[in-house]
Amino acid sequence: MSLKEQLFADLKTAMKEKDAVRKDTIQLVRSGILQIEKDNKVELDDDGVIEVVTKQLKSRRDSLPEFEKSGRTDLIEKLNQEIDILLGYLPEQLSEIEIQTIVEEAIKETGASSIKEMGKVMAVITPKVKGRADNKIVGSFVKKMLQGNQ
């Protein structure tokens, strides 16, 4: 079953179970998929769907600190539920040790020695971690290791 089919099946289940948070989250993902498919006149495969889910996840993670500042525990709780739901559609996330190993290999592969070459390193890493790690975390590892090399 493709990821799009899984989303549709989960949407039906969420509607039957009256799980509003899951239903709303899946509908947002599905609308993002449909928008891209209509705009680009393409049929998204699982990789494309993972990109949409990753963008949705990133937007929620980015808004979480603002919600925490406001002190609205109801919204924070809902946002955390949405994040958990979205993580369920992504491949297993890499651990920090796995990310560190990938970053070390990419630095060796590119021969990067300064922070100025971070873009070159990230270009090698991004396809390897796509959908399996947050680019902010990966970027912080790259930055830390390149600054340590100087």
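Reply: A nonpolar core is a set of buried Ala, Val, Leu, Ile, Met, Phe, Trp, Tyr and Cys residues joined through side-chain atoms within 4.5 Å. Buried means under 20% relative accessible area, with a 1.4 Å probe and protein chains only. The model is predicted: local features need pLDDT of at least 70, side-chain atom pairs count only at pLDDT 80 or more, and totals for chains, interfaces and linings use all residues. Residues are numbered from 1 along each chain as its sequence is written, and side-chain values use heavy atoms, with hydrogens and water left out.

Me: Which elements make up the chain, read along the sequence?

Reply: Helices (H or I, at least four residues) and strands (E, at least two) are DSSP runs, numbered from the N terminus. The chain here has seven helices and zero strands, in the pattern α-α-α-α-α-α-α. Of its 150 residues, 36% are buried.

Me: Which residues have the most contacts inside the largest nonpolar core?

Reply: In soluble globular proteins, nonpolar side chains tend to be buried together. In this model the largest nonpolar core has 21 residues, and those with the most contacts inside it are Leu7, Val29, Ile33, Val49, Val53 and Tyr89. Two or more residues come from each of α1 (3–16), α2, α3 and α4 (73–87), and α3 gives the largest share, six residues. A second, separate core of 19 residues includes Met118, Val124, Ile125 and Phe141.

Me: With which residues is Glu37 in contact, leaving aside its neighbours within four places in sequence?

Reply: Contact means heavy atoms within 4.5 Å. Glu37, found in helix α2 (residues 20–40), is in contact with Lys4, Val42, Glu43 and Leu44 when those neighbours are left aside. Glu37 counts as buried because its relative accessible area is 11%. A polar atom of the Glu37 side chain lies 3.0 Å from the backbone nitrogen of Leu44.

Me: How many residues of the lining of the largest pocket are nonpolar, polar and charged?

Reply: Rolling a probe the size of a water molecule over the atoms shows where empty space is left. On a 1 Å grid over the protein atoms alone, a pocket is an open set of points where a 1.4 Å probe fits, with protein on both sides within 12 Å along at least five of seven lines; lining residues have an atom within 4 Å of a point. The largest pocket has a volume of about 350 Å³, a volume being the space filled by probe spheres set on the points. Among its 18 lining residues, the closest to the centre are Thr54, Lys55, Gly131, Ala133 and Asn135. The lining divides into five nonpolar, five polar and eight charged residues, where Ala, Val, Leu, Ile, Met, Phe, Trp, Tyr, Cys and Pro count as nonpolar, Asp, Glu, Lys and Arg as charged, and the others as polar.

Key
Buried means under 20% relative accessible area, exposed over 50%, partly exposed in between (1.4 Å probe, protein chains only). A polar contact is a pair of N or O atoms within 3.5 Å; within protein, one must be able to donate a hydrogen and the other to accept it, and residues adjacent in sequence count only if both atoms are side-chain atoms.
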